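Please read the following report with the sequence and the 3D structure at hand. It begins with a single chain, moves on to the contact between chains, and ends with a few individual residues.

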2 protein chains.
Amino acid sequence: MRRIMLRIAYDGTDYVGWQKQPNGLAVEEVLNKALRDLTGEQIEVIGASRTDSGVHALDNVAVFDTESPIPAKKFSFALNRRLPNSVVVRSSCEVKPNFHPRRVNCVKTYEYRIFNDEHPNPLNRRYTYFYHHDIDVDAMREAAHYLEGEHNFVTFCSAGAQVTTTVRTIYSAEVIRGAGYDENCIIIRLKGNGFLYNMVRIIAGTLLQAGTHAIEPARMAEIIESRDRGQAGPTLPPQGLTLVHIEYPEGNR
Amino acid sequence: MRRIMLRIAYDGTDYVGWQKQPNGLAVEEVLNKALRDLTGEQIEVIGASRTDSGVHALDNVAVFDTESPIPAKKFSFALNRRLPNSVVVRSSCEVKPNFHPRRVNCVKTYEYRIFNDEHPNPLNRRYTYFYHHDIDVDAMREAAHYLEGEHNFVTFCSAGAQVTTTVRTIYSAEVIRGAGYDENCIIIRLKGNGFLYNMVRIIAGTLLQAGTHAIEPARMAEIIESRDRGQAGPTLPPQGLTLVHIEYPEGNR
């Protein structure tokens, strides 16, 4: 029995999220089906990030155990032939049999994309949040700075989360305008050791309030301290959010 | 009666193309319906570029005549409230009553995007052509250079085109790697006074042959001269193609 790790990209638009739900198709179900077709085994993957409905990934991680003789590196190609083109396995490798992608320290990078123009762009509408009022990116950047470090981020956590602690560390919180092809795209990039339920989308909504001068950037410090969800901004919609990378320390797998 | 010009962006994935077809929904039909709902008039738009099924636009142009009192600049907002989010009117203005978007000289810019990586990326699959073998961008650029200038481009024209002449001028033919967010994206950008049926997609297929060393870059000169479709490369699929801009000389409208 070997444990195989997959790195997976997906367009979350047409899925109910990573995790199985009664109301539609989940990304993990699509992977399980492809793995069962390929190996004949009743495989259930364990995912690193259980992304919400409509949220995308360029690099989520999942592991599974198999008796199959397929070389570890070949799983990506064999699975991609069996997956819809909205889900792609970018790489596959063998990991230690006890490696669990949610029980090992890691660094996750999320990006939230805002498309800031007079009219929406149909070619990025699935992957950005459209916002047409002027945005002051410098004010967003100043507000984002307060997020860096170890904090109790309960302010930015939606109800319904099951966690033992709401303390997390954000290593960097960047706001970039014109990243990529489109000068009107604003990217909020957060790198941290973990994120609470809806945390990135609520942080994005709060930074946008700073960007529209609805709040002063320095208010961010008080908002974090308040530990009151009512002090933060709205939860921005899922299509702007992409899990772009998960980094595990080499020794841990 | 006024003539109004619209600049339109659309995601061509789910359309049969610009022009009405028996087998599905066309972009012009969606615009006509929105205009009829808005004005109560039996409007039929005249489009500048009749893009094929699956081809996208960031800036196609259409005109229509109306008795409606709506200010010319307000049509974009009023129409966008009535259009599906795959079609967006970016601007609207009044033009001369005899302005016809296909009978006036203009400069059109098309981009063909190739995503060159080991595995496809689900977040750009609708807007790029995935190609996984190594590509020599310098060789593509060298081959592209031969396209610039006035030529008879019949080599790069699919059968079935109804045109009086196959002579066109390409003002610039650029090949750019890493344009935009993704380093693995190669963009072929052609600027010209007009393009024949499937011309950009056949040119892209021929440049890709240069990029994979299937042909020498200098062969491009002979391929153009041959006036033989069989000498050129394959027609690449529509999803990589986007009409990015149409420029009309100010005096002509």
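In this predicted model, chain A contains five helices and ten strands. Its C-alpha trace spans about 60 × 40 × 35 Å along the principal axes. For a chain of 253 residues, a compact globule would have a radius of gyration near 18 Å, and the 19 Å of chain A agrees with that value. Of the 253 residues of chain A, 42% count as buried.

**Domains of chain A**

The domain assignment divides chain A into domain 1 (2-97) and domain 2 (107-247). The centres of domain 1 and domain 2 of chain A, taken over C-alpha atoms, are separated by 27 Å. Where the two domains of chain A meet, 16 residues of domain 1 are in contact with eleven residues of domain 2. The side of domain 1 of chain A that touches domain 2 of chain A is made up, by class, of five nonpolar, eight polar and three charged residues.

**How the chains are related**

Two copies of a chain are related by a rotation about an axis and a shift along it. Here a rotation of 180 degrees, with 0.0 Å of shift along its axis, superposes chain A on chain B with an RMSD of 0.0 Å. That is the relation of a two-fold axis. The same surface serves both copies, as 100% of the contact residues of chain A recur in chain B.

Between the chains, 22 residues of chain A are in contact with 22 residues of chain B. On the side of chain A that touches chain B, β1 (2-10), β3 (56-66), α2 (75-80) and β4 (87-95) of chain A each supply at least two residues. The largest share of that side, three residues, comes from β4(A). By class, the side of chain A that touches chain B has eleven nonpolar, eight polar and three charged residues.

One residue that reaches across from the other chain is B:Leu123, which touches A:Ala9, A:Asp11, A:His56, A:Leu58 and A:Tyr127, when residues up to four places away in sequence are not counted. B:Leu123 lies in the loop between β5 (107-116) and β6 (129-131) of chain B. Is B:Leu123 buried or exposed? B:Leu123 has 23 other C-beta atoms within 10 Å, and it is therefore buried, since the cut-off for a buried residue is 20 or more.

B:Val45 counts as buried because it has 21 C-beta neighbours inside 10 Å. Leaving aside neighbours within four places in sequence, B:Val45 is in contact with B:Glu28, B:Leu31, B:Asn32, B:Ala62, B:Val63 and B:Phe64.

**One side of a helix**

Which residues of helix α5 (residues 219-226) of chain B are buried? The buried residues of α5(B) are B:Met220, B:Ile223 and B:Ile224. They cover an arc of only 100 degrees around the axis, which puts them on the same side of α5(B). An α-helix has 3.6 residues a turn, so residues three or four places apart point the same way. What covers the buried residues of α5(B) includes α3 (137-145), β7 (149-152) and α4 (199-211) of chain B.

**Residues with a positive phi**

Most residues other than glycine have a negative phi.

| Residue | Phi |
|---|---|
| A:His213 | about 65 degrees |
| A:Arg227 | about 55 degrees |
| B:Arg227 | about 50 degrees |

A:His213 is placed in the loop between α4 (199-211) and α5 (219-226) of chain A, and with 12 C-beta neighbours inside 10 Å it counts as exposed. A:Arg227 is found in the loop between α5 and β10 (241-247) of chain A, and with 15 C-beta neighbours inside 10 Å it counts as partly exposed.

Technical notes: Residues are numbered from 1 along each chain as its sequence is written. Chains are lettered from A and ligands numbered from 1 in the order in which they are written. This is a predicted model: local features need pLDDT of at least 70, side-chain atom pairs count only at pLDDT 80 or more; totals for chains, interfaces and linings use all residues. Copies are superposed by least squares on the C-alpha atoms of residues with pLDDT of at least 70 in both. Two residues are in contact if their C-beta atoms, placed from the backbone, lie within 7 Å. Helices (H or I, at least four residues) and strands (E, at least two) are DSSP runs, numbered from the N terminus. Ala, Val, Leu, Ile, Met, Phe, Trp, Tyr, Cys and Pro count as nonpolar, Asp, Glu, Lys and Arg as charged, and the others, Gly among them, as polar. Domain bounds come from an automatic or database domain assignment. The radius of gyration is taken over C-alpha atoms; the globule rule is 2.2 Å times the number of residues to the power 0.38. The arc is that of the directions from the helix axis to the C-beta atoms.
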